[in-house]
Amino acid sequence: MTKLKYVYEALKRASSYLEENGREEGAARILLQHELGLSYSGLISSMRDTISEQQFEKFWKNVEQHAKGIPVQHLTGSEEFYGRNFLVNPDVLIPRPETEELIEETLGLINRYLTKKELAIADIGTGSGIIAITMKCELPDAQVVATDISQPALETATRNAERLNAEIDFRLGDLSEPIRDGKWDVILSNPPYIAHAEAPGLSDSVRDFEPHSALFAEKEGLALYEKMAMQLPELLNKPGIIGFEIGYQQGPAVEKMLKDAFPDSLVYSKKDINKNDRMVFAITQ
């Protein structure tokens, strides 16, 4: 490979290589920022700086790995979520922007319907901890508990909480079982919701490198919503809020489950920025 001298040359070559291999060329910038330890603006201002042979070799190795399908976040070890940096790895689902919209809507509902300061919030299936930690950071007076069935996921979430100085009570167990000792003002969950039959249509970066236990669920992806709808009525305070992230075709089914479980509540779906159904909420009075 011809030796390169400048940062802009490395970026141009990597962008072209990824595009030729069917990947987003923008990943090259993220990987180069990671290698050089630069922000976006820092990278832009460093385009005419020289890049060492050692730096380029490490950068190019990651570019080749991503071209094979390994997610950028697994190569950098982190992802931004709600303005904060979270550690990620193959044990947890990579944070998605859509989940930020779940947080945003929940905070609005709390401001509208829940007036007490010290809220009790539960995050079911926390993964890397993004929902629980963000809620604690945004509402420091809240008591926040987070559950997951995966011990490695909880270990990652614990490291994220420590890095972000968020005091979270992490509990190992299936769905709501670990939180049955209390009553909760807010219960949130982004559970596995992809039907197994949809696996062939997923990006290989998702299908082959993210944990299947965090992606797929039985009953056309609806199994865990069904279980939670049965479990949560005895755990939610009045007034209280439930918020689920969902697959874009699951709104009507999940709405019905929550309406049946909470017949006197306000239940609605909310679309994400791409105009797809992405969240279902229930507000008890």
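Buried means under 20% relative accessible area, exposed means over 50%, and partly exposed lies in between, with a 1.4 Å probe and protein chains only. By that rule E64, at 33%, counts as partly exposed. This is a predicted model, in which local features need pLDDT of at least 70, side-chain atom pairs count only at pLDDT 80 or more, and totals for chains, interfaces and linings use all residues. Residues are numbered from 1 along each chain as its sequence is written, and side-chain values use heavy atoms, with hydrogens and water left out.

**Overall build**

- The protein has 11 helices and 11 strands. Both are DSSP runs numbered from the N terminus: helices are H or I with at least four residues, strands are E with at least two.
- Along the principal axes, the C-alpha atoms fill a box of roughly 70 × 40 × 35 Å.
- Of the 285 residues, 54% count as buried.
- The accessible surface comes to about 13900 Å², and 48% of it belongs to carbon and sulfur atoms. Areas come from the Shrake-Rupley method with a 1.4 Å probe; for residues, only the protein chains shown count as cover.
- Among contacts with a separation of 6 or more, 67% join residues 24 or more positions apart. Contact means heavy atoms within 4.5 Å.

**The second largest pocket**

- This pocket has a volume of about 640 Å³. Of its 26 lining residues, I30, V72, Q73, S78 and E79 are the closest to its centre.
- On a 1 Å grid over the protein atoms alone, a pocket is an open set of points with protein on both sides within 12 Å along at least five of seven lines, where a 1.4 Å probe fits; lining residues have an atom within 4 Å of a point. Grid points are joined across faces, edges and corners, and the volume is the space filled by probe spheres set on the points.
- At least two lining residues come from each of α2 (26-36), α5 (72-76), β1 (78-81), α6 (97-113) and α9 (204-207). Helix α2 gives the largest share, 5 residues.
- The lining has 9 nonpolar, 9 polar and 8 charged residues. Ala, Val, Leu, Ile, Met, Phe, Trp, Tyr, Cys and Pro count as nonpolar; Asp, Glu, Lys and Arg count as charged; the others, Gly among them, are polar.

**Helix α2 and its packing**

- The buried residues of α2 are A27, A28, L31, L32, Q33, E35 and L36.
- These buried residues pack against α1 (7-20), α3 (40-45), α4 and α5.
- After α2 comes G37, with a positive phi near 70 degrees.

**Backbone exceptions**

- Most residues other than glycine have a negative phi, and most peptide bonds are trans.
- Y82 is not a glycine, yet its phi is positive, about 50 degrees. Y82 sits in the loop between β1 and β2 (84-87).
- N165 is not a glycine either, and has a positive phi of about 55 degrees. Its loop runs between α8 (151-163) and β5 (169-172). N165 is exposed, with a relative accessible area of 72%.
- The peptide bond from K238 to P239 is cis, with omega near -5 degrees. P239 is in strand β9 (residues 236-245).

**Residues to look up**

- L188 lies in strand β6 (residues 184-189). It is buried, at 0% relative accessible area. Leaving out residues up to four places away in sequence, L188 touches T106, A122, D123, I124, I131, M135 and G243.
- I130 is in helix α7 (residues 130-138). It counts as buried at 8% relative accessibility. Beyond four places in sequence, I130 touches F81, F86, P95 and T99.
- E255 belongs to helix α11 (residues 251-261). Its relative accessibility is 18%, so it counts as buried. Apart from neighbours within four places in sequence, E255 contacts V267, Y268, S269 and V280.
- E64 lies in helix α4 (residues 53-67). E64 and E155 are 91 residues apart in sequence, and their C-alpha atoms are 29 Å apart.
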